[in-house]
Amino acid sequence: MFKKILATTALAVGLAGAAFADDKTKVGFVYVGPINDGGWTQGHDHGRLELEKHFGDKVETVFVENVPEGPDAERVMTQMALTGTDIIFTTSFGFMDPTLNVAAKFPDVKFEHATGYKSAENVATYSARFYEGRAIQGTIAGRMTKSNIIGYIGSVPIPEVVRGINSAFIHAKKVNPDVEFKVIWIYEWMNPAKEADAAKALLEQGADVILQHTDSTAPLAAAKEAGAIGFGQASDMYDFAPAPRVSSIIDNWAPYYIERTQAVMDGTWETVNTWDGISTGMVGIGEITDAVPADVKAEALALKDAIVAGTYHPFTGPLNKQDGTPFLAEGEVADDGTLAGMNFYVEGLTGEVPQ
Amino acid sequence: MISLVKRPQPSKTWVVATPILAVIVTMILGGLLFAAMGKDPFVAIRTIFWDPLFNPDFAAYSRPQLLVKAAPLILIAIGLSLGFKAGIWNIGAEGQYIIGAITGASVGLAFYPMEAWYIFPLMVIAGALGGFLWGLIPALCKTKFNAPEILVSLMLVYFAEQIMISVSLGALRNPEGNGFPGSRNLAQYASSANPELIAGTGAHWGVMAAFAAVVAAYVLLSKHMLGFQIRVTGESTRAAGFAGINANRLIIFCLGTSGALAGLAGLFEVTGPAGQITTSFNTGYGFTAIIVAFLGRLNPIGILLAGLLLALTFIGGELAQFMLSLPSASIQVFQGMLLMTLLAMDIFVNYKVVWRKKEAV
Amino acid sequence: MDLGSISLVAFFASLMVASTPILLAALGEMITERAGVLNLGVEGMMIIGAICGFAVAVESGSAVMGFIGAAVGGALLSMLFALLTQFLYATQVPSGLALTLVGVGLASFIGQPYVGESPPAVAKMAIPVLEHIPFFGPAMFQHDAMVYISILLTIAIWAFLKFTRGGLILRAVGENHDAAHALGYKVRLVRVMAIGFGGALAGLGGAYISLIRVPQWTDGITAGIGWIALAIVVFASWKPGRVLFGAYLFGGLTALQLNLQAANVPLLLVLPYLVMLSGVIFLAIAVAAGSWKKTLDVKPTLKTFAQFIGTGLVLLLIGVLTNYASGLDLLLLSSAPFVATIVVLVVISARSKGASNGPAMLGKIFQAH
């Protein structure tokens, strides 16, 4: 009863907040896709399950899947906040403005928005430096290709995807100057049938390595049939190892979720702008299989070690933009601001970033 | 032996009774479904249908949200119902909704950052006009070439989606958007914003427009010649021909009007709740509105109630997801069952069920 | 820009694979519609077929069993539609929409344990002798069995409609159910069977996606293909051969746009020539058919030919004027299959001179008295 009165009062004072006196920490997740999409959303939900495992009875997690970006997201977040959720993770770029809107109404609830660039006192942002993993994929791809044609399935042309293409290309080119990239954009994060068709089109045009920024295993299945190789995306996709899947980029959000929830429990939570890579484990590199020759594997792992150690940054000059204008001078490293908003190709890539 | 006798006229009682019965039957079927999934059916039904309206913790918030969610559904469904009544199948309202949002938003963005009172009205006109023209395409294909409007309008949805992606990446892209696709936020630009008119009610201009559309459709259908023509054509094309009704004009009117209303819904959504055109701006209102139209018996008042009911299942469905961990698919099945049950019960409206001796058959 | 990198053989082979699910579903729907029933639930039946096929194949370890399961699943779901429309006299359009809603939701339920599973592989079945024909061999005769089955089905359905008594009854029911009833045919039974057949074929089409084309199970895997199949039926004026053509045209445009993207060729650079080429092919076919049947309508034929060429020239001009702007090209590329469907729908409807050549009773409710 007391709870109810408290809540009604909170509503009366203009949705001031609904932090109930509860011993359990309630953690909410808002997902853009279904939890069994095998990719992005499943990765986050895996993080949620790990969080439950880690804290046991001390946490309660709730989630809503298939939430369209826009007003529906705003409503879901508000309802979560109203029902006593302490911290809410919103896991799609399109949830950015809704997250900030809701956060402004609930100053006592903590919000964490994935992949965005706007934060507030109670809104932190977090994202992963997947381009570090792309550098390793590019190296393996550049060494492994015999046709010197690498196919790349792009999803939605946002900076993260463009960054990934650039990073993979730079490193493929580094180990194999003759390499050429063919890019197909499908404008969706996941559409298995379209991904399969795109992979086939790339393979037919001579690609023998497929990189993908889409979430389904369809491109791997196509690569398998054609005797080409590919990489797992978002999850390990180990079913396709040792070939065609020769390695993978794994989204590993669990450590971050555990850390941030702990901070809420300890009362030490504050807004941050996290952009972690391989070093903290947020970006996992799946086992490089024996389909990759030992020297190539060693080279890829050395690159990984250098990135982890911080001695090497995948975007290090000299680099030019596609049109030939200078991007980074010799030895210069791209700053995070430039990377975060990257929507141009580097020199040597053909085609255009769709706009 | 049960036998069906066609009623000379649809039963007025059953017209009203069947939707209510359908909701009850669906609740029972849904309850069984939830029970089969290991959830307490009573809690599930309460969470979906009761909590959004009366839960003391959050109903004060979710009640107004009902209007926000229902408004585009009602606005679109009213337009669709006119055509459906006359046997004109516009199932491409989703595309008209998208185009209305794009044309309306384009006008607003063309003025940015200038502030003026007339910008929003201009956007409203542009939105309605965009939807109208998009709806006119299947209409003209039908009247000039006899191409089936049901498929042309549907194909135009996919085309509109591609246009939406294209403008989110190109023409309407926010130059200050950090490299991300999507337009500027219209809700944060005073001259184009469509905010809540009375704080705490959820009522924005779209809600007002939806209510206005209900009234206008009611008057049109019951008092106006055009409404009569629509009804006659729906009952029999031949009779309509005898009555001297110009079928082509009716097609253009119905598709154009439903297009304009869907365009308006898109415009009010993009300027208010959604805020911006993105690559995933549309969320299926145009398709859900078809259910709303039928659930509401193609009657304006019915549609108003059906829109609110569907909105309730959406909002309650979200609650059920995070409070009871019901998967989102169960809500979809639930909505499908609701429509199916209602359609199944239509038999009572048009037929009398009688007992007869076998010989009589 | 690298047009030469597109291999025609490979392109044609992938076109056949991309078109097969559309073809199967459209054939099924065509039979349903020929019986006078409009079932808009194809998408729902397809996705139920996709998951039933997937689940059965995974559990039994046999893709053949999977396809059987898919057909059964699709047919079972379609019975819900049959119950509504044939026994409870519900309106067909909303009933079909409701079927899709239920199908998509149910599939998601059934599919939950199967996410991440791999189905048994389906072997390629090269046709002896034929597979060695240059070009046509690798393009057409080195596919999985379902591709051939879909083509055989097209022929079988054509023969069934044209030559058999069953086909005659089916058409009679679709053209005039009262007359068919008066002649003693069981209208309702025929329609229920047609609906079930449509469901089974939609199920097969769905399973082709989840077992062969992708192969994987995820929510929403059919991604709107069922709706395309519906459009193809009208596009084909309810004729099996044209359904095949329509499905391949759509699959071809889908494959083409991906290939052009990969080769970095603007669509506007090749589209005008493709349109003009189609005009030439049309003229050739019309002349050949005309001289065979000894009736050639010279004027309308030349007019259509001129329309093709004119459209091609306009497109050429647009390309030159916009300098192949990438934004416009992106839009054209991705919407080409849908726009082409609309254009063909319009052209075909216009050519039939106002009279729809669809079954006269399409969508109408029949009640025996």
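1. A starting definition: a residue is called buried under 20% relative accessible area, exposed over 50%, and partly exposed in between (1.4 Å probe, protein chains only). By that scale Asn264(C) counts as partly exposed, because its relative accessible area is 28%. Phi of Asn264(C) is near 60°, a positive value in a residue other than glycine. You'll find Asn264(C) in the loop between helix H11 (240–263) and helix H12 (267–293) of chain C. Helices (H or I, at least four residues) and strands (E, at least two) are DSSP runs here, numbered from the N terminus.

2. Before going on, a word on what you're looking at: this is a predicted model, where local features need pLDDT of at least 70, side-chain atom pairs count only at pLDDT 80 or more, and totals for chains, interfaces and linings use all residues. Residues are numbered from 1 along each chain as its sequence is written, chains are lettered from A and ligands numbered from 1 in the order in which they are written, and side-chain values use heavy atoms, with hydrogens and water left out.

3. Now for chain B against chain C. The contact (heavy atoms within 4.5 Å) takes in 38 residues of chain B and 45 residues of chain C. Together the two chains bury about 3,600 Å², with 83% of it on carbon and sulfur atoms. Buried area here is the accessible area (1.4 Å probe) that two parts lose on being put together, summed over both.

4. By class, the side of chain B that touches chain C has 31 nonpolar, seven polar and no charged residues. In this scheme Ala, Val, Leu, Ile, Met, Phe, Trp, Tyr, Cys and Pro are nonpolar, Asp, Glu, Lys and Arg are charged, and the others, Gly among them, are polar.

5. How many salt bridges cross between chain B and chain C? The rule finds zero, a salt bridge being a side-chain nitrogen of Lys or Arg within 4 Å of a carboxyl oxygen of Asp or Glu.

6. Chain A is split into domain 1 (18–128) and domain 2 (130–250 + 284–311), with bounds from an automatic or database domain assignment. Taken over C-alpha atoms, the centres of these domains of chain A are 30 Å apart. Six residues of domain 1 of chain A are in contact with seven residues of domain 2 of chain A. These two domains of chain A bury about 580 Å² between them, and carbon and sulfur atoms give 55% of that. Asp37(A), Trp40(A) and Ala128(A) supply 60% of the area that domain 1 of chain A buries against domain 2 of chain A, more than any other three residues.

7. One joins Gly317(A) and Pro318(A), with omega about 5°; another joins Tyr112(B) and Pro113(B), with omega about 0°.
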